[in-house]
Amino acid sequence: MIRAVLAMLALILFGLTAAAAPPKAARSDYWAFQTPAPQAVPSNPSPWIRTAVDAFLLDKLQAKNLEPSPELGKQMLVRRLYLDLWGLPPTPEQVDAFVNDRSPRAYEELVERLMASPHYGERWAQKWLDVVRYADTNGFEGDKLRPQAWRYRDYVVRSFTEDKPYDRFVQEQIAGDELFAGDDQALIATGFLRAGPRHVVGGNTDPEMLRQELMVEMTAGVGSAFLGLTVQCARCHDHKFDPILQADYYQLQAFFAPVTLEEVSIASPEEVAAYEQAKAAHEARLEPIQKTLKEMEKPWHDKAYEINKQNLEPALKAALDKPEEQRSEEEKQLASDAKSQAKVAWYDMLAVMPADIKAERAQLRRKLHAIELEAPTPPRAAFAVGNTDKEPPITHILAIGDYQHPLGEVQAEFLSAVPDFGLEVPGGAAGRRAALARWLTHPQHPLTARVMVNRIWQFRMGAALTDDPNNFGLLGAASPSQPELLDYLATQFVDLGWSVKAIDRMIVLSSAYRQAVATDEAKAKIDPDNKLYWRANRVRLSGEQIRDQALAVTGKLNLAVGGEPVLVPIEPEIYDLIFTEGEPDNLWPVTPDPESHHRRSLYLLNKRTVRLPLLANFDQPDTMSSCAVRSRSTHALQSLTLLNSDFIQDASKAFAERLAGACGQDDKTCQAELAWRLSLSRRPNDVERTLAVEFLSDPDTRLQDFCLALLNRNELVYRP
Amino acid sequence: MSSFIDPDLAQAHRIRRELRRRDVLRGAANGFGALALQSLLARDGHAAPKRVDPLEAKTPHFAPKAKSVIFLFNVGAPSSMDTFDPKPKLTEMHGRPMPESMGKVGGQFTDGSQPIFGSPWEFKPRGQSGMPISTLFPHVAQHADDLCVVRSFTTRSVVHAPAMYEVHCGRLFATHPSMGAWVTYGLGSESDNLPAYVVMPQPEGTPEGGPPCWGAAFLPAVYQGTLLRPGPTPILHLERPPDMTESRQRRTLDLLQKLNEMDAGQDSEMAARISSYELAFRMQAHAPEAVDLQKETPATREMYGLNQDHTRDFGTRLLLARRMVERGVRFVQVYSGGGPIFMQWDAHQHLVANHEKMAGHTDQPIGALLTDLKQRGLLDETLVVWGAEFGRLPTSQSGNGRDHNPYGFTMWFAGGGTKGGRVIGATDDFGLRAVEKPYTMRDFHATLLHLLGLDQHQLWYLHNGRHEKLVDFGGNLIEEVYA
């Protein structure tokens, strides 16, 4: 009733044309809000069926008289598996090992081996970080580094590698501090709630507005990642076709009202002591340079100040020159204005500094920055959340989402269309998020398991079982293409202890997964969008995979796992895009160890306002909102980057050196053979070999050019 | 300046037609053009797969008034009451406190208790319309009868970055695509040799909002703004590496394309990828020509101020902007200001020195751009927009500057079917708040789309289950702009 009144009030106040909210019953009838029903696996004697997944799919295929496509050959199958499970191409040795393994369980064993590796966790982490819009910086003009945030990224890698039960994974991210006190990893996990962008700026900003933005980000994060609902649609008003009401939205937001942002030390006292000592030693190295710089700058700073002062209006100057205690009220104001007008900025000082001193100063600053890069790593801390020890702020429904137009007050309550499973939300600050986490991970919850198995499916099969994996609401998928399969996977997921690997295994071991990317006009006529999975979908590699693959092919890839984000060298054009009002040097302190520049893309600094062209051009998400499925565009800037960038040039050169090292400069056939095996995991066919040898024998071309062509090839950037 | 006649003028139309016709015949002379590809595929007994070109020119929702946009964004925010919105009341009450009836309205750094600051510049009636423009913009003032000035825009933040995001992307958070990305998504490109959406920041630095101001957000990356820089290598990675000759690159690409054709089969995306290499190669050949200002007459270069230190940079970028729209580029975004405070319009102190400098950089080039577009017959189909993230307060900061004011500020349009010599909306006597016909950025965006033949409600993209649009909730068309 209150809800209806509020909705009406919003309508009257803001003249919205949306119809009155449909009754609650209609919303809870919607398929996604029904607890997934256990599904019997269809019985079908077909030998094509390897896992239950196939039985569900084959049923529907046969109903349309469709045959699945043939299985991918062993050589391409192993390539697909490595690219999917590790995100990396297999080495020729890894391909051979599988192709030559005649054991009937060769494929299963390979899957197990791949799933046991941290590279499996890394591959999953890239996907999960898209969903939670993870970045290493705040965004906006400051776009400051979040120095400890990367521990959350490593937590995600570890969780997927260890197959942490998904219910626990959800609980830790929402309420690790409340539910698992004393567990550092669970505390780090709450970094999830802070993964989104945040505006940090000085001056008279409205704290209430900033707080509301924080609440919106947290609510949206939970909605997208776990509920598979774009809850923020309801932020402004009710929608006729949306199962989330505006009141629901703010009731969900109220779970986060007590949240405070915390950097919690998880370091041992010894670690802290060691750091303090190292820090003092490091500062002792910086101090003499800082002192010299200060002394060097002082006369010019003073000179600039004198000039600025001379330029002041006489009244201001007079007020400034007067001893402070003798100034009248008016003169106090004038003097204060005078001070701020005469303030010396870095460019004022540089403008009066002679060229030779400027050069000396620049050199000193470079030296200083180089030493700064050697700063000891601060003791471990969790980029986490906690609860306020005060009365938590009251949450209001906000008309059109505007904090200046509060309507009724709401309490933290579970979504009205989903049962509360007898769980209660504490009224105080503590325990709200714990209740939310328990509710989300209740075995009967209709959304949590469905949303995750749908993500696993989409990740491996190249298309989700619903139109949009981030939206199970009415505005998104009307109904899933394979509702029985979705429910089967969801119930199995819970029954098998929320094991992501169990579902993942069920999918990649299936015959459906092993199909080729076949083309068949007759079948395409019946099912043009491949909703029935009569073939494998064509999947383009992500920008991250394209980069990692190029490094792997050339033998330069550094497979170290985890740690602080790496700053690779960037183009001057990209450097210039880093906003600063300060002196524009040292804005991108490149990580000194050159080996680190060949780390996997997952570990490169993800700065919200500075995107690396190779990744951004290949549709890397912008980290400003949750990304369930990456968009996929094809355009000329991708080609320019893959032809001319320093990265690709270095890669082609290294690739050429690798080929020449193994085959010598003159054995063109050997070079071609090896190049194909390294890059495409197969041998060249006759046409390819001829083309390659022809090109390599041309006196006007270089081995490096040949390598460049291969690194750009279509076949290389699509999953087989 | 308006009496200036470019010797090339008579040929301008012919050149433009020729430039676009050349685009259509996309680089067949380059050896592996689209025609070659078609024939290779046909040879294998395949019908050529349909090429998916996300930038293919698309039909607007209704007849457009403008075909392309030049968006001049003034980073840091020029003051409205010192440029296009005269407030004699401020001069009259200079140094006195704001009347209590106005309330205490502060900006990011002041609290509204500071004294009133009368404009240091004189306003004069200009053109037939008599539109008042201050002495900061003498060249722009000569085009008063082409300007459509809206004095009553508002944004919702006193801080640069969020307000910039609102102007560029319609949201205070940079969660959404920039309007250039939306327009490119909606209309595609008329140029096959150049990016559809180009951005030219101030060389000294980027605006506070940074790249999200020309980002594609959740739209495919193909719709993002591409940086364009003056000089021989205008586009990132356009230049071949120093040790790569053109002929060797050709051979390399020939090998690549032969291999790629083996992979393409019937797949339209892979076919598109083959085309993207053709385009990249063409871009390498054509883009340097497109930015070669030596092709312009000395008189044109002089008109844009390329011969003077203070106007050279901005003039160069505006001349490039004209060359871009002439070649079918859809959206050109040019920044005046960026990076350190001394290169922004952000006059918290020293309003006079700051605005004299920044207006000095831009006034003559903007006047030249309007003259040039007009004499080439391009002004009718090119919408020029001049604006910022907010205006500045009527009160002073530090005695001689002004703080931010998002409560009422000026932007103007020219060309692209807008009505010249017109002033729309009004702020109060102090220039503090928009009081007559206040317009939001939603209204601005709805109007901009409308001028381009796009319906704000029909231009959407499904993201996370929501029909996302540039204009959330819909905006009111500012009909006076064009009717």
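1. Domain bounds here come from an automatic or database domain assignment. The model itself is predicted.

2. For chain A, the assignment gives domain 1 (34-110 + 447-539), domain 2 (292-367) and domain 3 (543-717). The C-alpha centres of domain 2 and domain 3 of chain A are 49 Å apart.

3. Chain B is assigned domain 1 (9-48 + 232-281) and domain 2 (67-230 + 291-481). Their centres, taken over C-alpha atoms, are separated by 37 Å.

4. Now the contact between the chains. Chain A puts in 74 residues and chain B 69 residues. On the chain A side, the elements giving two or more residues are helix 15 (329-342), helix 25 (613-617), helix 26 (636-644), helix 29 (686-697), helix 30 (703-711) and helix 31 (714-717). Helix 26 of chain A gives the most, with eight residues. By type, the chain A side splits into 24 nonpolar, 32 polar and 18 charged residues.

5. Look next at helix 6 of chain A, residues 106-115. Which of its residues are buried? They are A:Leu110, A:Leu114 and A:Met115. These residues lie on the same side of helix 6 of chain A because they cover an arc of only 130 degrees around the axis. The face turned away from that buried side carries the exposed residues A:Glu109 and A:Glu112.

6. What do the buried residues of helix 6 of chain A pack against? Their partners are helix 4 (74-85), helix 5 (92-99), helix 7 (118-131) and helix 21 (500-508) of chain A.

How values were computed. Residues are numbered from 1 along each chain as its sequence is written. Chains are lettered from A and ligands numbered from 1 in the order in which they are written. This is a predicted model: local features need pLDDT of at least 70, side-chain atom pairs count only at pLDDT 80 or more; totals for chains, interfaces and linings use all residues. Two residues are in contact if their C-beta atoms, placed from the backbone, lie within 7 Å. Helices (H or I, at least four residues) and strands (E, at least two) are DSSP runs, numbered from the N terminus. Ala, Val, Leu, Ile, Met, Phe, Trp, Tyr, Cys and Pro count as nonpolar, Asp, Glu, Lys and Arg as charged, and the others, Gly among them, as polar. A residue is buried if 20 or more other C-beta atoms lie within 10 Å of its own, exposed if 12 or fewer, and partly exposed in between; C-beta atoms are placed from the backbone. The arc is that of the directions from the helix axis to the C-beta atoms.
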